[in-house]
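The following questions and answers examine how structural terms are applied to a model. Each answer sets a value beside the definition of the term.

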Amino acid sequence: MSDFLLWWRLALRRFAVMLVKELKQLGRDRVLLAFIVYAFTADIFLAASGVSLSLNHAAMLVQDMDRTPQSRELAARFAEPHFQQGGVVTRDAQGLAALDRGEAMIVLSVPPDFGKHLQKGEPVAVAMQVDTTNSVLGFLATSYAQEIVARFGLESAMRRLGLAGGAAAELPQAANEVRVWYNPNQEDSWFMGISEMLNIATVFAVLLPAAAMVREKERGTVEQLIVSPLTPFGILFPKVVSMTGVILCGVALSLFLVLMPVFAIPAKGSLALFFALSGLYVFTTAGLGLFAATIARNLAQAGMLSILILAPMLFLSGAWTPPEAMPAWLRGLMFVSPLHYYLDIAFGILLKGQGVTELLPAIMGMTAIGVGVFAFGLLLFRRQFD
Amino acid sequence: MNLKRVAAIASKEWREILRDRLFFSLAFVVPALLMVLFGYGLSLDVENIPFAVVDQDRSAASRDYAYRFIDSRYFSFRGYAANQRDAERALAAGDVRVVLVIPPRFGQRLAQGREAGIQTLVDGTFPSRAMTTKGYVTAINAAFSLASVTQAVSRVTGMPPDDVAAQLTPIALETRYLYNQSVTSIWSLAPKLIMVILMLSPPFLTALGVVREKENGSIFNIYASNVSRGEFLAGKLLPYVAISSVNILVLWLLATLLYGVPFKGSLLFFLPATLVYVLCTTGIGLLVSVLVRTQVAAMIVTMVATMIPAVLYSGLIIPIVSLGPGARQVAELMPAMYYTDIVVGCFLKGVGLQSLWRPLLVLSLYACLLFAVGYALFSKRPKT
């Protein structure tokens, strides 16, 4: 029994000593420390404040060859916030040149006799040229334009036919009231801020422990650790715990100093749960970094390997692009990325106010990956020095 | 500058890279692999949006309404929900992103010639996706309403429905998509991926290469030698620029052959312009390596300083016009935005030096500035 106690006391002391060593080592790299603070505050502030993913103020030019009240009314309906009238062009070439230079996104041409045709009830075509270099925006612009033109056409037709005087309330149509949940005003800052915070945490969670491990290898200090009474687990564990602590501090910094006070992110769920699960996430992701560290012999290799791990994790997590649109094989790959689960967890707790029961599948998935990666990493690490 | 010494440094560096097999192969594998992964995975199309319907009316009209969504390729039907509570739970769990709630007496009101309300709940966690979804919902709703109004008008006036429909839609919008006629994402995506990948890998390679010597202490050989600062930096960077130049070709081939993106511009303009861009990103790596002392810091600083701006502030996902003032300034400080104009112009618009001399000039100045600052800050007499 006393042997058992002694073993635990020793293990704890070793753990404490190693933990202090790691924290000191990190603390003395001033540039790195300053950069961690920058990334978790200023960088997240920039991303959250500066980016809007929706179609706003698309610059548009009008080529009005009709010049009647009808043509002017149609053009005027392309209004803020989606469109921004950029002026008038008279010749085709002028409009094309503006599109070429990227000064306009849309050129609307109204043909001569547009108003006359409309009054007689004859079909008439309006041409629109859209710069679809960015296809998502091109799509949005086209669909808004279609809606504007259809409504204008319907109203003028109803007026002409003398039906209901164009009063929409009397028509047997469906009025669809679209309600957006969890982010009613569609604040891009909420999404951008939270996902940037998760991205930064991920970058550090992969790089910090991997770098700390490979550095020991490169300098040869790992040999000292191997001949010490420490087990491989005793070497790896304090590294991961110290880095997890640092990253959680960073997350707290960005949440309490930037996201909640500046951008009014509601944080509907339990923050304790959020930090506990963030800790679990960083731990899991650190396992991936250590995995790279066991393969790499020097930091340059570790760096390239971690790009290989990080870039797909960040880009294909489902935050940027909807998972439904990915091919099946990539979606399969996504399920082994811990960030995919963490995304559900973070948005679930902060915006939807979910608790453990709703998030259980995500938590289980993340834990399973974490355990698997760590076991595998430990195995590789052990084998390396046998 | 003594070219012989530059060559000596370059060949030493080249040998060092070549002997590190894993690093050498990763230098080529990483860009190519990222191009393949992102090209397939980073689809910005919003399609197959999972949705559920709560039909409290159960009339012919309500079924017709739901079918318009079920038939659409933009939505993927996940079944009727028994009540609104169930549907809301599925929305919270992320199983569906849209819920249509058709209230009782929907069909009856339409038959009486009155407006009938419908409620759509959209998951707003990802705002841009919610926007696009709203666009689809509005379009389908408009089509349904038009059909319903057409029916009513034809009943009142006795005109055949086809004529009424033609009367009600007098204006046709003929849309021409410029630069990317089919609006397939990959055409607009692949050229920008070249930009992102060339922003990721050259600075990383370079920063690690220089800081490694600092951390290992082998830089003292250089400090003590008669190699000048300029010769050292030129020789040191040459192999990394060479690797990145090969990667330019590989990425261009992947874009044109694997993804079938048309290349309308001229290679004689594209390749030198891309080289200038690579010099810029290499310069960023150089600057980082001069500023930091450890490889760990070099890795993290380069990662955060290049990867995140390359995605957010370069026009890859978010167009520059949608950026706020702060982010806009960051975008203008990074070379990525200028190169985006060049790469998109070369691939999709087929324009050359006449329209793109401005971004090219900016990039050249940028590269010169980075190298000048790197040169000024690099010292053979370190303070510590």
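Q: What is the bridge partner of A:V62 in β2(A)?
A: In β2(A), A:V62 has A:V88 as its bridge partner. The model is a predicted one, in which local features need pLDDT of at least 70 and side-chain atom pairs count only at pLDDT 80 or more, while totals for chains, interfaces and linings use all residues. Residues are numbered from 1 along each chain as its sequence is written, and chains are lettered from A and ligands numbered from 1 in the order in which they are written.

Q: Why is the crossover from β1(A) to β2(A) called right-handed?
A: The term applies if, with the strands pointing away from the viewer, the path from the first strand over the helix to the second runs clockwise. The chain passes from β1(A) through helix α3 (residues 69-76) of chain A to β2(A), and this β-α-β crossover is right-handed.

Q: With which strand does β1(A) pair over five bridges?
A: β1(A) pairs in the parallel sense with strand β3 (residues 106-110) of chain A. In β3(A), A:V110 is the bridge partner of A:D64.

Q: How do you know that strands of chain A and chain B pair?
A: Strand β5 (residues 174-181) of chain A and strand β4 (residues 116-123) of chain B have eight parallel bridges, against a requirement of at least two. In β4(B), B:A116 is the bridge partner of A:A174.

Q: Why is chain B called more spread out than a compact globule?
A: Chain B has 15 helices and five strands. Its radius of gyration is 29 Å, well over the 21 Å that the globule rule gives for 384 residues, so chain B is more spread out than a compact globule. The radius is taken over C-alpha atoms, and the rule is 2.2 Å times the number of residues to the power 0.38. Along its principal axes, the C-alpha trace of chain B spans about 95 × 45 × 40 Å.

Technical notes: Helices (H or I, at least four residues) and strands (E, at least two) are DSSP runs, numbered from the N terminus.
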